[in-house]
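This briefing is meant to be read with the sequence and the structure side by side. The points below are grouped by topic.

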Amino acid sequence: MAQRTALVTGASRGIGRACALALSAAGNRVILAARDAAKLEEVAAAIHEKGGEAHIAVLDLASLDSIPAAIAEAASKAGPVTILVNNAAITKDTLALRMKRADFEHVLQVNMTAAFVCIQQVLRFMSHERWGRIINIASVVAQAGNAGQANYIASKAGLIGLTKAIAHEMAGRNVTVNAVAPGFIETDMTSVLSAEVKERILSSIPLKRMGSAEEVAAAVRFLASEEAGYITGHVLNVNGGMYM
Ligand code: NAI
C-alpha cells in the first residue's frame, strides 16, 4: 500500500502529538502543524528516531488567511494530504454572563472555522484520489454540556455538525469524515484544573480514571485506517463511560 500523508493540527503536544506518533507508527508520513516551531521539531525528532517521516508546518490557526499557503507549502514537501486530523483547540472559559463576545468568536474561529478551512484545503485532492480520512477532535462536553464553556462547547458541537455535513458531501468520493469525542484526558489542557474540580470530574467517570492522549490517538489511528472504511459521520467517544 502506498504511504499516505497525514496532517495533524496542534501536533506540538498532548493529544495531537500522540496522534502524530500513532499515525507515523501506522506507516504514514506526517505533517505536524502548530505555532511553536521548536516544539514541533522535538516531535519530528521523536518520529525520525523511530524511523518515521515527519515535516513541520508552523501555522497560527487564528490567522485563517494564512492556512492555505501553510498547508500547500507543507504538502509540496510531504505530498498531498489524504488524512487530516483537526485537533488543535483552545479554551477561554467563563460563565456566559461574563463572556466577552470577542472571546466567544475567537474560540469559534480557532476550534471550528479553522478546521473548516483546513478541510477545504484537502478536499480537492482527496476527491481526486477517491480516498480520504478526516477526523475532527470534538469533546464530551459537546454532547453533555457544561457550565462556563459556552464558546468552547459551541465550537465542538459545531465540529460535530460539520463532520456530518462533510461526511454526506464526500461519501460519494470514498472520503470518510468522523469525530472523536474525548472525555477527561491527561494533557496541558486539563493540568490547569484544581484538585477539587478534577476529583469532581473523576467521580463522574465510570472507569474512575483520566484517559491518556495515547488512548485518544488509538481511536484516531483506527478511523484513519483502511479497516475503518465503512464508518463515516460517526462520533466515537473515548471517555471512560463519562457520557453514553
Ligand atoms: P493542548 O492544549 O495540550 O494542545 C492543543 C494544541 O493545539 C497545541 O499543540 C497547541 O499549540 C495547538 N494550538 C492551539 N491554538 C493554536 C493556534 N491558534 N494555531 C495552531 N495551533 C494551535 O490540548 P489537548 O488536551 O491535547 O487537546 C487536543 C484536542 O482534544 C483539542 O481539540 C481539545 O479540545 C480536545 N479535547 C481535550 C480534552 C482533554 O481532556 N484534554 C477533552 C476533550 C477534548
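Against which elements do the buried residues of α6 pack? In this predicted model, the buried residues of α6 pack against α4 (101–129), β5 (132–137), α5 (140–144), β6 (175–182), α7 and β7 (235–238).

**Helix α6**

- Helix α6 has 21 residues, and from its first C-alpha to its last it reaches 30 Å, close to the 30 Å expected at 1.5 Å a residue.
- The buried residues of α6 include Asn151, Tyr152, Ile153, Ser155 and Lys156, and Leu159, Ile160, Leu162, Thr163, Ile166, Ala167 and Met170 are also buried in this helix.
- Tyr152 and Lys156, which are buried in α6, are also listed with the residues closest to the ligand.

**The ligand and its surroundings**

- The ligand is surrounded by 30 residues, of which the closest are Ser12, Asn87, Tyr152, Lys156 and Thr187.
- A polar side-chain atom of Ser12 lies 2.7 Å from an oxygen atom of the ligand, and a polar side-chain atom of Lys156 likewise lies 2.7 Å from a ligand oxygen atom.
- In the side chain of Arg35, an N or O atom is 3.2 Å from a nitrogen atom of the ligand.
- Taken alone, the ligand exposes 820 Å², and the protein buries 96% of that.
- Two or more residues of the shell around the ligand are given by each of α1, α6 (150–170) and α7 (188–191), with α7 giving the most, namely three residues.

**Helix α2**

- Helix α2 (residues 37–49) has 13 residues and should span 18 Å at 1.5 Å a residue, which agrees with the 18 Å between its end C-alpha atoms.
- Within α2, the residues Leu40, Val43, Ala44, Ala46 and Ile47 are buried; because they cover an arc of only 155° around the axis, they lie on the same side of α2.
- On the other side of α2, by contrast, Ala38, Glu42 and Glu49 are exposed.
- The cover over the buried residues of α2 includes α1 (14–25), β2 (29–34) and β3 (54–58).

**The two ends of α2**

- At the start of α2, a side-chain oxygen of Asp36 comes to within 3.1 Å of the backbone nitrogen of Ala38.
- Just after α2, Gly51 takes a positive phi of about 90°.

Note on methods. Residues numbered from 1 in each chain as written. Predicted model: local features only at pLDDT ≥ 70, side-chain atom pairs only at ≥ 80, totals over all residues. Heavy atoms only, no water. Helix = DSSP H or I, 4+ residues; strand = E, 2+ residues; numbered from the N terminus. Expected span 1.5 Å × (residues − 1). Buried < 20%, exposed > 50% of the residue type's maximum accessible area, 1.4 Å probe, protein only. Arc of directions from axis to C-beta. Contact = heavy atoms within 4.5 Å. Polar contact = N/O pair within 3.5 Å; in protein donor to acceptor, adjacent residues only side chain to side chain. Near = heavy atom within 4 Å. Areas by Shrake-Rupley, 256 points an atom, 1.4 Å probe, with all protein chains shown as cover.
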